[in-house]
Amino acid sequence: RGSLLNVENLRVVFYTYRGVIKALNGVRLWLNEEERLAVVGETGCGKSVTALSIMRLIEPPGEITSGKVEFLGEDLLSLPEEEMEKVRGKSISMIFQEPVAALNPVFKVGFQIAEAIAHSQNIPIKDAYQLVPEALTMVGLDWKRTMNLYAHELSGGMAQRVMIAMALAVKPKLLIADEPTSALDVTIQAQILELLDNLVRVGKNAVIFITHDLAVASEFCDRVAVMYAGNVVEVAKSDEIFARPLHPYTVGLIDSIPLVGQRKELKGIAGVVPDLVDPPSGCRFHPRCQKAFERCKVELPDLIEVSENHFVACHLYAAGDQNGSVAES
Ligand code: SF4
Ligand code: MG
């Protein structure tokens with residue numbers, strides 16, 4: 001359990017014309033204050049849905065059908081909407097993959113930041129304006145110029161800096177960053193990551209960093225949670241997950257990362273991401289897993305701690321396993 005956030009048994013579905021998408025299948029996550037957790041996985045594994053659920057921003061045709069999102073001891077899922085609005089943009093803020101789209105097109109940047117500050121600190125907007133120069137300077141922007149620009153006048157990198165300024169100006173306990181650099185050029189990506197790294201360290205914000213890039217995840221974060229098809233399948237410290245990946249899916253992900261200076265053949269992971277309208281029974285990874293056995297098809301493995309701070313959801317590591325499999329180390 002974490003001191004800041006505990007997500008338990010979170011289930012989310014989307015009602016579509018094709019059928020019900022079982023997007024989250026009992027997600028469990030935890031986070032301590034000032035800690036950085038990476039959530040890693042392929043497109044469609046439920047990373048963003050998890051983030052939006054924490055913010056309670058899942059909208060119809062989506063629905064949170066069960067679970068808890070405990071933030072500082074309070075279950076956000078049972079708060080009245082007006083209380084939740086105070087949590088959003090005050091205790092928890094979020095930055096997205098498409099920063100230009102996330103900004104309001106009809107208001108100038110300065111106004112949007114002032115409004116965010118006014119909302120979070122409960123102060124008049126004209127007082128909040130006084131704090132805008134500092135917020136923009138903090139993210140390396142020329143505040144005089146940037147204040148008066150509209151979203152469409154910003155480059156992708158500038159827009160993401162503005163989003164970061166807005167998200168951190170409210171001094172959130174938790175920042176959720178959903179693929180904040182994947183829409184940016186490679187050189188800009190590195191600058192934005194470095195900026196975030198510094199600001200978050202100074203601001204002592206906890207971070208949930210969503211990415212499909214395991215290498216970036218482990219570099220930026222203390223711990224990594226790997227998601228597959230709507231479940232968290234492995235959680236460990238960043239160095240541990242590379243040194244001793246346990247879940248067959250994590251092993252596959254790591255094997256598919258090109259190593260610098262090594263002409264290693266990319267293996268990828270055989271098979272395709274399952275259709276979550278009709279997900280595989282038992283362990284959702286079993287149709288792609290080379291180590292699958294009978295039990296995998298019938299029983300969803302729990303996320304269990306197999307060594308200190310290393311959790312995995314896989315029957316290979318279950319205590320008292322009847323199939324004679326031995327936990328590998
Ligand atoms: Fe593979 Fe079975 Fe482990 Fe799932 S539970 S990852 S199918 S061995
Ligand atoms: Mg996403």
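Colleague: Which residues in helix 4 and helix 8 meet?
Modeller: In this predicted model, Val109, Gln112, Ile113, Ala116 and Ile117 of helix 4 meet Val162, Ala165, Met166 and Ala169 of helix 8. Contact means C-beta atoms, placed from the backbone, within 7 Å; helices (H or I, at least four residues) and strands (E, at least two) are DSSP runs, numbered from the N terminus.

Colleague: And by class, what has the contact of helix 4 with helix 8?
Modeller: Eight nonpolar, one polar and no charged residues. Ala, Val, Leu, Ile, Met, Phe, Trp, Tyr, Cys and Pro count as nonpolar, Asp, Glu, Lys and Arg as charged, and the others, Gly among them, as polar.

Colleague: At what angle do helix 4 and helix 8 pack?
Modeller: About 20°, with the axes 8 Å apart. Axes are lines fitted to C-alpha atoms, for helices over the stretch in contact, and angles run from 0 to 180 degrees between N-to-C directions. The two helices are therefore roughly parallel, a term for angles under 35 degrees.

Colleague: Switching to the sheet, what is the strand order?
Modeller: The order is 6-7-8-3-9-10-12-11, an open sheet of eight strands with mixed pairing. Strands pair if DSSP finds at least two bridges between them.

Colleague: How are residues and chains labelled, by the way?
Modeller: Residues are numbered from 1 along each chain as its sequence is written, while chains are lettered from A and ligands numbered from 1 in the order written. As for the predicted model, local features need pLDDT of at least 70 and side-chain atom pairs 80 or more, whereas totals for chains, interfaces and linings use all residues.

Notes
Parallel < 35°, antiparallel > 145°, perpendicular 65-115°, else oblique. Contact = placed C-beta atoms within 7 Å.
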